[in-house]
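Please read the numbered points below with the structure open beside them.

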Amino acid sequence: MTTQVTPVVVRARGDIDLDTGPRLRHELIRALAENHEVVLDLSEVTFMDCAGLNALIDARNQADRRGARLTLRNVGRPVARILALTGLTGRLAPATPPS
């Protein structure tokens, strides 16, 4: 018998910066502490700086330590650009959209 795990979805929106990055990090770390699979929906993110990037990296590291899964979904240009510029696209690989 196989158990289906339903991922928890965390939705980010607006600017993810020095003001909001720590809150996103807190929500992701909390979600990963309580769930085996977390999806971060970034469809409404309009800007991301290094504080947002740090939140993603900390959450990825937490997921790796716990053997959990963190998936980025609906990655738009603002997030894709910072991932590409920092060389972290592979480490924080976004989910491919369904075809």
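1. In this predicted model, Glu-27 and Arg-30 form a salt bridge in which the closest N and O atoms are 2.7 Å apart. Both residues belong to helix H1, where they are 3 residues apart, about one turn of the helix. Glu-27 counts as partly exposed, at 30% relative accessibility, and Arg-30 is also partly exposed, with a relative accessible area of 38%.

2. Arg-30 also forms a salt bridge with Glu-34, and here the closest N and O atoms are 3.5 Å apart. These two residues lie in helix H1 as well, 4 residues apart, which is again about one turn of the helix. Glu-34, at 55% relative accessibility, counts as exposed, because the cut-off for that class is over 50%.

3. Asp-58 is partly exposed at 28% relative accessibility, and Arg-25 is partly exposed at 36%.

4. How do the axes of the two helices, H1 (residues 21-34) and H2 (residues 50-66), cross, and at roughly what angle? They come within 8 Å and cross at roughly 15 degrees, which means that H1 is roughly parallel to H2. The crossing of H1 past H2 is right-handed, and the contact has 10 nonpolar, 2 polar and 3 charged residues.

Conventions: Residues numbered from 1 in each chain as written. Predicted model: local features only at pLDDT ≥ 70, side-chain atom pairs only at ≥ 80, totals over all residues. Heavy atoms only, no water. Axes fitted to C-alpha atoms, helices over the stretch in contact; angles between N-to-C directions. Parallel < 35°, antiparallel > 145°, perpendicular 65-115°, else oblique. Left-handed = near helix turned anticlockwise from the far one by under 90°. Nonpolar A, V, L, I, M, F, W, Y, C, P; charged D, E, K, R; others polar. Buried < 20%, exposed > 50% of the residue type's maximum accessible area, 1.4 Å probe, protein only. Salt bridge = Lys/Arg side-chain N within 4 Å of Asp/Glu carboxyl O.
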